[in-house]
Amino acid sequence: MERRLYRSSRNKKLFGVCGGIAEYMDADPTVVRLVFVLGTLLLVGGGLLLYLIAALVMPTERQIND
């Protein structure tokens, strides 16, 4: 089965971006969320911008399974 990057519908807090990345990388979603928070703090909002772009670009899990 081919691995695909998507927004998670099961493991999400806002849009499911971090949950989808965590599922793709077989990582803990909390660690991925912390990386985005650190990116936001260190890059003066850059992590938030990347998160919003990913939320717009990444398909949802339902769109892939349909």
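Reader: Does Tyr-51 count as buried or exposed?

Author: This is a predicted model. Buried means under 20% relative accessible area. Tyr-51 has 11% relative accessibility, so Tyr-51 counts as buried.

Reader: How many aromatic pairs are there?

Author: Rings pair if their centres lie within 6.5 Å. Phe-15 and Tyr-51 pair at 6.2 Å centre to centre. Phe-36 and Tyr-51 pair at 5.7 Å. The count comes to two aromatic pairs.

Reader: What kind of pair do Phe-36 and Tyr-51 form?

Author: Planes over 60 degrees apart count as edge-to-face. The planes of Phe-36 and Tyr-51 are 85 degrees apart, and the pair is edge-to-face.

Reader: Which parts does the pair of Phe-15 and Tyr-51 tie together?

Author: The pair is tilted, with 45 degrees between the planes. Its two residues are 36 apart in sequence. Phe-15 lies in one part and Tyr-51 in the other, so the pair ties together the segment before α1 and helix α3.

Reader: Which element gives the most to the lining of the largest pocket?

Author: The largest pocket is lined by 14 residues, and Phe-36 and Tyr-51 are among those nearest its centre. The elements that give two or more residues to this lining are α1, α2 and α3. With four residues, the element that gives the most is α2.

Reader: Over which ring does the charged end of Arg-3 sit?

Author: A charge sits over a ring within 6 Å of the ring centre and within 35 degrees of the ring normal. The charged end of Arg-3 is 4.4 Å from the ring centre of Tyr-24. The ring is that of Tyr-24.

Note on methods
Residues are numbered from 1 along each chain as its sequence is written. This is a predicted model: local features need pLDDT of at least 70, side-chain atom pairs count only at pLDDT 80 or more; totals for chains, interfaces and linings use all residues. Side-chain values use heavy atoms; hydrogens and water are left out. On a 1 Å grid over the protein atoms alone, a cavity is a set of points where a 1.4 Å probe fits but cannot get out, and a pocket is an open set with protein on both sides within 12 Å along at least five of seven lines; lining residues have an atom within 4 Å of a point. Rings of Phe, Tyr and Trp (its six-membered ring) pair if their centres lie within 6.5 Å; planes under 30 degrees apart count as stacked, over 60 as edge-to-face and the rest as tilted. Buried means under 20% relative accessible area, exposed over 50%, partly exposed in between (1.4 Å probe, protein chains only).
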